[in-house]
Amino acid sequence: MSDDQGYADLGCYGSEFVKTPYLDQMAAEGMRFTQVYAGSPVCAPTRCVLLTGKHSGHITRRDNRTTDDIDKPFMKRKLISLKSADYTFGEMMQAAGYKTGAYGKWGLGNPGTTGTPDQQGFDDFYGYIDQVHAHNYYTDFLMHNTDTIPIPENKNGQKEVYAHDLVADKALQFIQKNQEKPFFLYLPYTTPHGKYEVPDHSLYADQPWEEKIKSYAAMISRMDEDIGELFALLKDLNLDKNTIVFFTSDHGPNPPFLKDLESNKPFRGIKRQVLEGGLRVPMIVRWPEKIKAGTVSDFVWAFWDVMPTLAELAGLEPPKETDGISVVPTLLGQTQQAHEFLYWEYHSPFQQAVRIDNWKGIRLGTAEKIHLFDLTVDLKEQNNVAQEHPDVVAKIAEIMEREHTPNPYWPMQEKARKGAAKILVGMDK
Ligand SMILES: [Ca+2]
């Protein structure tokens with residue numbers, strides 16, 4: 001999983017700018033999905049959804065911040081940790097006898113809390129436990145499980161070792177080490193999230209873009225090469241055919257990349273918005289001889305389906321509490337029951353969204369009217385047709401009430417705070 005990478009930032013998703021030969025090859029050898037949704041439009045809750053198989057109305061961590069400290073600087077904000085009662089895909093796979101490893105950005109509970117990777121089903125972790133720490137690509141330490149491991153080369157602001165490279169290597173070592181056993185690798189890379197720093201962006205030297213944009217593109221290409229190495233290793237170890245690999249991004253892109261890279265094409269919206277551009281993500285799944293090579297699927301699914309899907313792939317019962325469905329039939333080319341609806345809530349500013357068939361409803365605060373868009377003809381969500389379809393709007397309103405479980409940290413808000421309106425008028429136009 002990449003971090004803050006737009007739907008359209010891969011060659012196989014139509015990018016004319018970013019070079020991703022290995023992910024393009026993965027898509028050519030597997031199944032590429034055009035209608036997969038992230039759990040939330042920001043980092044922490046989307047990971048919470050992915051790991052627990054529940055949508056954002058049911059999870060512990062529904063925003064990067066808590067509701068009571070919105071005015072504090074980001075570094076001083078309290079971060080809500082996963083609870084012991086939260087059951088993750090790590091715990092599920094660990095209990096089923098898989099060796100479990102997680103490398104990269106965790107962000108669901110800092111050291112000393114119940115939310116650390118070692119307490120949430122991972123035998124081995126290396127990377128950034130704190131999500132804000134992950135913004136630093138030349139950090140002078142990373143975490144191994146809950147131990148601090150110094151990176152002396154980066155002491156005193158030196159930039160000798162690119163931390164992403166260490167994470168990518170750890171993932172390969174995990175596969176090497178566990179090649180004789182069943183293993184489950186969760187690999188949340190930190191690229192191409194800011195800071196936009198990379199050792200080398202010469203691949204894009206001829207582009208007329210500013211530095212930041214060259215770096216962002218180079219970060220994606222660097223990750224792509226690492227994924228190429230991962231596939232090469234699987235082949236070397238003769239694990240290629242029996243290893244199922246998923247690739248996705250955690251949510252939509254940031255504003256600086258829309259103009260030059262068209263990162264959210266063909267949608268509107270960005271990170272922090274429940275518009276399609278904030279939620280629609282690439283999803284590629286590769287499983288040689290089982291998944292038909294080069295397939296493109298428009299089946300509609302979301303991050304909360306990953307855990308039940310893994311359960312079926314591992315021959316387990318579905319998790320007891322989940323909002324998801326297994327998409328294994330779709331992977332195998334069979335037809336399957338579609339979701340009745342998809343639901344999202346996000347808290348800064350408060351937004352809810354529902355998708356039913358090709359209808360998408362968005363509400364900014366419970367006192368506001370629901371806007372309704374027909375994705376069949378309006379992928380950019382610009383033409384509000386709520387007045388023409390009161391029955392659909394009523395159904396969506398009912399889902400918005402029902403799917404939000406009350407939680408002291410995450411109250412429904414009547415009014416989205418100041419600035420929210422620009423989400424619907426289109427801040428990126
Ligand atoms: Ca992110």
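Student: How many aromatic pairs does the count come to?

Tutor: The count comes to 22 aromatic pairs, where rings of Phe, Tyr and Trp (its six-membered ring) pair if their centres lie within 6.5 Å; planes under 30 degrees apart are stacked, over 60 edge-to-face and the rest tilted. This is a predicted model: local features need pLDDT of at least 70, side-chain atom pairs count only at pLDDT 80 or more, and totals for chains, interfaces and linings use all residues. Residues are numbered from 1 along each chain as its sequence is written, and side-chain values use heavy atoms, with hydrogens and water left out.

Student: What about Tyr-7 and Phe-267, what kind of pair is that?

Tutor: Edge-to-face, because the ring centres of Tyr-7 and Phe-267 are 5.0 Å apart and the planes lie at 70°.

Student: Is Tyr-7 buried or exposed?

Tutor: Tyr-7 is buried, at 9% relative accessibility. Buried means under 20% relative accessible area, exposed over 50%, and partly exposed in between (1.4 Å probe, protein chains only). Phe-267 is buried too, at 5%.

Student: Switching to the metal: which residues coordinate the calcium ion?

Tutor: Asp-3, Asp-4, Cys-43, Asp-250 and His-251 do, at 2.2 to 3.0 Å. Donors are N, O and S atoms within 2.8 Å of the metal (3.2 Å for Na, K and Ca); water is not among the atoms, so sites may look incomplete.

Student: And are Asp-250 and His-251 buried or exposed?

Tutor: Asp-250 is buried at 0% relative accessibility, and His-251 is buried at 0% as well.
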